[in-house]
Amino acid sequence: MIDYHLHLWPHSRRDTPVSIEVISRYVHEASEKGVVEIALTEHLFRFRQADAVLRGFWKSDSNVQLAREMESYWNRHALADLDQYVEAVQEAKAAGLPVILGLEVDYYPDQMDIVADLLKGYPFDVLLGSVHWLGAWGFDDIDSDLVMAEWEIRDIE
C-alpha cells in the first residue's frame, strides 16, 4: 500500500521544523500500518516562498469579512521554508527512506504561471492539484464559524 497525500504539519502545528528525524517517524508509523511508500505533499501555501508571490489573491473577493478571515488563515499558515522542506525530504530519500517529494498545489486563477515559475526549480516527484478556496471562501476551514456559515447560504453551483 502507498500513501501519496501526506502532510507533515497538522493544522494545529504550523511551524514544526522539518527534519529527517520527523520524516523517519512518519515512515515508521506508515510502515506499522502496512504502507510501504509515502509521498510528502505539504500545502504550497504553507511556505514563505509562495507567500511572497501569491499573497492577497483573496482581496478581490466582494465579501470583506471572508477576505479578512482568509488573510488571517494565510498569516497563520505561511510560515515554513520551501527550500528546507525540499532539502529534508531529499535527505530522507538519500538515506533510503521510502518517500516521494511532493506538494499539494491549489488553483490560483490567473496566477498559475507564477506558481509554475516558483516550482520549476525544484525536483518534485509529484504535484497534487487541489482546491481549498473559492475566492476568499476557504471552505474547509472548519475552525471558522464565518467560513462554515457560508455552507448554509451557498448552493452547489
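Predicted model: local features only at pLDDT ≥ 70, side-chain atom pairs only at ≥ 80, totals over all residues.

## Salt bridges

Side chains of opposite charge can pair when their charged atoms come close. A search of the whole structure finds eight salt bridges, and the table lists some of them.

| Salt bridge | Closest N and O atoms |
|---|---|
| Arg46 with Glu42 | 2.9 Å |
| Arg55 with Glu71 | 3.7 Å |
| Lys93 with Asp125 | 2.6 Å |

The salt bridge between Arg55 and Glu71, with closest N and O atoms 3.7 Å apart, links distant parts of the chain: Arg55 sits in the loop between α2 (48-54) and α3 (64-77), Glu71 belongs to helix α3, and the two are 16 residues apart. In the bridge of Lys93 with Asp125, where the closest N and O atoms are 2.6 Å apart, Lys93 lies in helix α4 and Asp125 in the loop between α5 (112-119) and β4, so this pair ties together parts that are 32 residues apart in sequence. Lys93 is partly exposed, its relative accessible area being 28%, and Asp125 counts as partly exposed at 42% relative accessibility. Salt bridges that share partners also join Asp51, Arg55 and Glu71 into one network.

## Aromatic pairs

The structure holds 15 aromatic pairs. Among them, Trp58 and Trp74 form a tilted pair, with 5.3 Å from centre to centre and 50° between the planes. Trp58 lies in the loop between α2 and α3 and Trp74 in helix α3, so the pair ties together parts that are 16 residues apart in sequence. Both Trp58 and Trp74 are buried.

The pair of Phe139 and Trp151 is edge-to-face, because the planes of the rings stand at 85°, with the ring centres 6.2 Å apart. This pair links distant parts of the chain, with Phe139 in the loop between β4 and α6 and Trp151 in helix α6, twelve residues apart. Phe139 counts as buried at 19% relative accessibility, whereas Trp151 is partly exposed with a relative accessible area of 46%.

One aromatic cluster is formed by Phe45, Phe57, Trp58, Tyr73, Trp74, Tyr108 and Trp133.

## Surface patches

Glu21, Asp83, Glu87 and Glu91 form a negative surface patch, and its largest share, three residues, comes from helix α4 (residues 82-94). Asp83 is found in helix α4 and is partly exposed, with a relative accessible area of 33%.

A nonpolar surface patch of about 360 Å² is made by Tyr107, Met112, Val131 and Leu134. Val131 lies in the loop between β4 (126-130) and α6 (145-153), and at 46% relative accessibility Val131 counts as partly exposed.

## A backbone angle

Most residues other than glycine have a negative phi. Asp110, although not a glycine, has a positive phi of about 65°. Asp110 is found in the loop between β3 (99-106) and α5, and at 81% relative accessibility Asp110 counts as exposed.

Conventions: Residues numbered from 1 in each chain as written. Heavy atoms only, no water. Patch = residues over 30% accessible without salt bridge, like charges linked within 9 Å, V, L, I, M, F, W, Y side chains within 5 Å. Areas by Shrake-Rupley, 256 points an atom, 1.4 Å probe, with all protein chains shown as cover. Salt bridge = Lys/Arg side-chain N within 4 Å of Asp/Glu carboxyl O. Lys, Arg positive; Asp, Glu negative; His and termini not counted. Charge placed at Lys NZ, Arg CZ, Asp CG, Glu CD. Helix = DSSP H or I, 4+ residues; strand = E, 2+ residues; numbered from the N terminus. Buried < 20%, exposed > 50% of the residue type's maximum accessible area, 1.4 Å probe, protein only. Phe/Tyr/Trp six-rings, centres within 6.5 Å; stacked < 30°, edge-to-face > 60°.
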